[in-house]
Each structure stands twice: as structure tokens, then as C-alpha cells.
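My entries are below, in the order I made them.

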Amino acid sequence: MQDDITAVDPRETMAAAVLPDAALTDAQIAEIRRLAERADALVEASLSANTRKAYGSAWRQWSEWCLGFGLDPQRADASWLAMHLTALSETRKLSTIELRRAAVLEVRRRLGRPLPFDDVQFQAFLAGLRRTKGVRPEKKSALLEENLRAVLLLLDPSTAPAPKRCLRDRVLLLTGFAGGFRRSELAGFDLRDVSFTAEGLVLFVAGSKTDQERRGEEVGVQAVPASPLCAVTAVSAWLAARGDTPGPLFCRIDRGGHLTYGVDGRLQPIDTKTVARLVKRVIKGTGLGEGEFSGHSLRAGMMTAADRKGVPLEAAMQHGRWKDARTARGYRRHSSLWQGNFTGKLLMDE
């Protein structure tokens, strides 16, 4: 079974709709079927590729668990889902359990056999599960200015055996930090998404986690030529090495340090794992614990640095494209705890 919701749906949903009783020509029936199939595709497009993959994997595991008890995963009731989640709670984090729950409910709904997730007893079970497991999120450390300065000493194009890779890695880190970009956004940038102004750099984010309809949004990064952390300078240096070939802004580079092209002659894009691996690799080189950092550390770094410098939360939220203030505050890694903190005064002599 493929890791995709469409792979677990044994029948077409829209296309399986009952046709009107009136006599239709073959051409009319064919057109109705075509439009129905198109509607199905639009429904699938409402979820991101990562969500479809995660849901598909979760459904496969639910199916295997049900079959072990001789149950049909398309018909098992909410009590069985509760037992499945209880079994998961013994070894899995709450976030994983919530994902599995959401996946089963969504796929069952699409199969036309929804589970009563609004059932009072089932909601009580979920509340008890959350209270028992706790909801404390696991946060990775923020990659801050001092970390970036140490990292740049390791990424010196003038001495690196693969200068182009070094330039690409530098620009990924500095741009990710300056723009507060997600890994998926960095991997998704195209050359045409970049433009320069008198003030600096403008990057067009075609779609993101909070922009599933892909309306797009522009993010400005100011030029600070005197700073070694200037993302605008890094982008200019990378483009000079990359060239003006159409395609992804950040492309793959082979072990020999050469840009990688596909069979169609186009540059091959990086994936989100490239960003995560890069962060861990450079952090390890500075002597810090790589397990404490991830690709998300760049986004957390921007928000934490902004908080340190006294940037209003609303301005940082707009720049980082956060919609919810509570979520945005969660990206500030302890920096705001010390603004106006009086606990030290409690121990001072009068």
C-alpha cells in the first residue's frame, strides 16, 4: 500500500455518486464522471503532500492492527480506535497519537464510514489520554547569531574542497534564519521567486503550511553588507556560482561539488531533509549537541533573536507568517523569560 490517502480508498468518492434517473447520453455520463474525478483530485489537493503521506502511513498501521483482531478497519467502531490509541500511548508521544487519530477519522470520513468522533465517551477518553500523557511539546534549540558566526568559520568557500556546496550551505542557513523560513519553504524556492531591491532581497513564498491555497506571500530581507551574516550578500554569491539556469533556487550538489541535473536537463531541487541534515552537521562541527537542533532551529532562531532585540511580537509574526500569537510565542526559546524578570532582586540585600 502506498503512503497516500488515495491508495487506501477502494472506491471513487465523488465519481461513485448516484446518477440522475433521467436518461443520459454516453457523452453526458462521461462528462459527469470526468468532473467527478476532477472533484476528487481537488479534495486530495486540500491536504499537503506531507499530510497525505503521514495519513497514509497511519492508516496502514491502523489496518494492520485491526486485521490482527480479525476486524475490518473500514468498519471497526470508536471503541476499537480508543483501544488502538491506548496501545500506542504505551510507547508513543501524544503528538504521534493525535496524528494517528486524525488520520483514521479523515480516511474513514472519505470512505463514507465516519466514526462518531463527537461521541461524549470518546471525547472523555481523549481528554484522559491528554491528561495522562501531558501536552508538553518537544522543542529543538534555536540557531542564533552566535551559532551562525561559529558555523561560518567551518563553511569557508576559499578553503572548502567543494566551494559551490559551501556557498549553497551558507546561503541556506543565513536565508533560513533571516526569513524565519520553514524547511519546506527553503526547499520549494524557485529562481524566479528571488528579486533584489535597493533595500535588499525579496523572496516569494508560493505556498506554505499556513497557506495551503497557495495565494503566496512576499518576505523582505534587508541588506547589511557590513555583517558576515548578511543573507543578501550570501544569496548574491550563491547565484553567481549557481548561474541563471531556470529551476530550483537551492539545488542538489553531488559529492564532487557539481550541480545535479535530471534527465530533463533541469537542476534537481533539494528536499527538506537536506536542510535538517545540514543544521545537524554544522552544529556538530561547533561542538554542540546535534540532537538538540533540527531544521526548525532556523525559524526558532529568527523569532528568538527578534525577541532579544525587542522586536514587537506582531512584527515578528508578520515576517515569519504566523497566524496564531500563542504558536508564535512558542518559538521564542526562553528569551522573553528574562525581560522584566524580578527574581534576582529577591535575593539582593537592601
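These notes cover an aspartate first, then the strands and a helix.

Entry 1. I noted before starting that the model is predicted.

Entry 2. I looked up where Asp 190 sits. I found Asp 190 in the loop that runs between α9 (183-188) and β1 (194-196).

Entry 3. Is Asp 190 buried or exposed? Its relative accessible area is 17%, and I count Asp 190 as buried because the cut-off for that is under 20%.

Entry 4. I checked what the side chain of Asp 190 reaches.

Entry 5. Which residues touch Asp 190 once neighbours within four places in sequence are left aside? I listed Gly 247, Pro 248, Leu 249 and Arg 266.

Entry 6. I moved on to the sheet. I recorded an open sheet of 3 strands, ordered β1-β2-β3 and paired antiparallel. β1 and β3 (217-222) are the edge strands, each pairing on one side only. From one strand to the next, the twist averages 25°.

Entry 7. I then looked at the pairing of β1 in detail. It joins β2 (residues 200-205) in the antiparallel sense, over 3 bridges. Within this part of the sheet, I found Val 194 opposite Leu 203 of β2.

Entry 8. Which helix lies across the strands β1, β2 and β3? I identified α10 (residues 231-242), and its direction is at about 115° to β1.

Conventions:
Residues numbered from 1 in each chain as written. Predicted model: local features only at pLDDT ≥ 70, side-chain atom pairs only at ≥ 80, totals over all residues. Heavy atoms only, no water. Helix = DSSP H or I, 4+ residues; strand = E, 2+ residues; numbered from the N terminus. Buried < 20%, exposed > 50% of the residue type's maximum accessible area, 1.4 Å probe, protein only. Contact = heavy atoms within 4.5 Å. Pairing = 2+ DSSP bridges. Axes fitted to C-alpha atoms, helices over the stretch in contact; angles between N-to-C directions.
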